[in-house]
Amino acid sequence: IQVGQPTGRHRILLVSYHFAPSSAVGALRWQKLIQLGAERGWEFDVIALDPAELSKPDHERCRELPSGTRVFGVATRPLRLFLLTRKLSRLAAALRLNGGAGRSGPRVGSLRSDTRRWLPRQPRDLLRAYFAWLDVKGEEQWAHTAARLAESIYQPGVHRAVVTCGPPHEQHMAGVMVSKATGLPLVVD
């Protein structure tokens, strides 16, 4: 997504998983901050989740972006291990090994306080930890791809900083990588 032509003024690289046309609340925050930056002479290159992956994109939000803003989408790619785990999970569900009779899948929502503890006490606790680890690895993979894209669009003398915005907080890894590769200062939000 590109709004008008960049003027060559000073630019900031922003890595934010949520950004317009996403309808997530986190996307709105930086959309508004970019408007304030534009009023002070800054333009932005934003690296965000690929809009094709959004369940409810709000393209009106893109119309509100200041001229010179460029938004680059990065697609998520499922980890091979996740795909294997999903197949095994479906097999276990078919064999009714996923938590006993009458249960058709994992519970959705928060854990009750009496079920939270530091050490795993049941196989299900290990399974929860494993799926949390898979989520983090997937977000790290996205961050690495976002960093490579940011490095490819970086222009010395034009880009003045890299800003990262979480959650998810693995985005900050992308900022560290870009900062090290380019020498740009890193601002973590």
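Modeller: Here is a walk through the salt bridges, pair by pair. The model is predicted: local features need pLDDT of at least 70, side-chain atom pairs count only at pLDDT 80 or more, and totals for chains, interfaces and linings use all residues. Residues are numbered from 1 along each chain as its sequence is written, and side-chain values use heavy atoms, with hydrogens and water left out.

The whole structure holds nine salt bridges (a side-chain nitrogen of Lys or Arg within 4 Å of a carboxyl oxygen of Asp or Glu). One of them joins Arg11 to Glu43, with the closest N and O atoms 2.6 Å apart. Arg11 sits in strand 1 (residues 11-16) and Glu43 in strand 2 (residues 43-49), so this pair ties together parts 32 residues apart in sequence. Strands are DSSP runs of E, at least two residues, numbered from the N terminus.

Now burial. Buried means under 20% relative accessible area, exposed over 50%, partly exposed in between (1.4 Å probe, protein chains only). Arg11 has 1% relative accessibility, so Arg11 counts as buried. Glu43 is at 2%, so Glu43 is buried too. The pair also belongs to a network of salt bridges that links Arg11, Glu43, Asp45 and Arg70.

Next, Arg40 and Glu39. Their side chains meet in a salt bridge at 3.7 Å, N to O. Both Arg40 and Glu39 are exposed.

Last, Arg61 and Asp58. Their closest N and O atoms are 3.9 Å apart in a salt bridge. Arg61 is buried, with a relative accessible area of 13%. Asp58, at 27% relative accessibility, counts as partly exposed.

Definitions and conventions: Helices (H or I, at least four residues) and strands (E, at least two) are DSSP runs, numbered from the N terminus.
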